[in-house]
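Notebook open, structure loaded. I want to go from the overall numbers to the sheets, then the charges and the core.

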Amino acid sequence: MLISKRCVNECVVDDVLYSHDRVMNTLRAYNPNQKSWRVVEGVEELLARRICSDWSYTVRYGGNLALLFRRPGEIWCAEILLERRQGEEIWGKVEWWDQVLTGNFKDMKSLSVMV
C-alpha cells in the first residue's frame, strides 16, 4: 500500500490516507475501498512554490489537511480543503499558506491532537 521511500508522514482525513510524495512533488491520496493511489488535483501551484523541501508532513487540521514544509530557517504551513469529485477524484483547494515559524530547525515531528 505505501510507497516506502517516497511517502512519509501520512495522515488520514475522512477515511482517506494522504501523503506528500517528495520525489514526484505530488500530494497523493489512498482510498482503501478502491485500493488505489490518486494524485490530489488543484494543489500544483502550491507544490511548485514549495521549493524542494527535504522535509514535509501531512497533518489533519480541523477536517482539512495541513501540509507543513521547511525552507532554510523557516517552517511553512498550507491548509488544504479537500473535495471528492466524480466519485474517485480528489481535489484540494489551498485555503491559506504562510510562514509559521523561524529558527534553526534540525529534526522535527508533527502531532495532530483532537480536543
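**Overall.** I started with burial: 38% of the 115 residues in the protein chain are buried, where buried means under 20% relative accessible area, exposed over 50%, and partly exposed in between (1.4 Å probe, protein chains only). This is a predicted model, where local features need pLDDT of at least 70 and side-chain atom pairs count only at pLDDT 80 or more, while totals for chains, interfaces and linings use all residues. Residues are numbered from 1 along each chain as its sequence is written, and side-chain values use heavy atoms, with hydrogens and water left out.

I looked up the surface next: the accessible surface of the protein chain is about 7,200 Å², and 51% of that belongs to carbon and sulfur atoms (Shrake-Rupley method, 1.4 Å probe; for residues, only the protein chains shown count as cover). Of the contacts in the chain with a separation of 6 or more, 41% are between residues 24 or more positions apart; contact means heavy atoms within 4.5 Å.

**Secondary structure.** Along the sequence the pattern reads β-β-β-β-α-β-β-β-β.

Strand 2 (residues 16-21) and strand 3 (residues 26-31) pair antiparallel over five bridges; pairing needs at least two DSSP bridges between the strands. Leu-17 sits opposite Tyr-30 in strand 3. Four residues lie between the two strands of this hairpin, and Asn-25 in the turn has a positive phi of about 50°.

Is strand 2 covered on one face or both? Both: Val-16, Tyr-18 and His-20 are buried on one side, and Leu-17, Ser-19 and Asp-21 on the other. I noted the general rule here: side chains in a regular strand alternate between the two faces of the sheet.

Four strands make an open sheet in the order 5-6-7-8, with antiparallel pairing. Strand 5 (56-61) and strand 8 (89-102) are the edges; each has a single partner strand, so one side of each has no neighbour in the sheet. Neighbouring strands are turned by 25° against each other on average, direction ignored (axes are lines fitted to C-alpha atoms, for helices over the stretch in contact; angles run from 0 to 180 degrees between N-to-C directions). Strand 6 (residues 64-71) is joined to strand 7 (residues 74-85) by seven bridges, and Ala-66 stands opposite Glu-79 in strand 7.

**Charges.** I found two salt bridges, meaning a side-chain nitrogen of Lys or Arg within 4 Å of a carboxyl oxygen of Asp or Glu.
- Arg-28 pairs with Asp-21 at 3.2 Å between the closest N and O atoms, and both residues are buried.
- Glu-83 and Arg-85 meet at 3.5 Å, N to O; Glu-83 is partly exposed at 40% relative accessible area, and Arg-85 is partly exposed at 34%.

**Cores.** Which residues have the most contacts inside the largest nonpolar core? Tyr-18, Leu-27, Leu-65, Ile-80, Leu-82 and Ile-90, in a core of 18 residues. A nonpolar core is a set of buried Ala, Val, Leu, Ile, Met, Phe, Trp, Tyr and Cys residues joined through side-chain atoms within 4.5 Å. Strand 7 gives the largest share, four residues. A second, separate core has seven residues, including Trp-55, Ala-66, Ile-75 and Cys-77.
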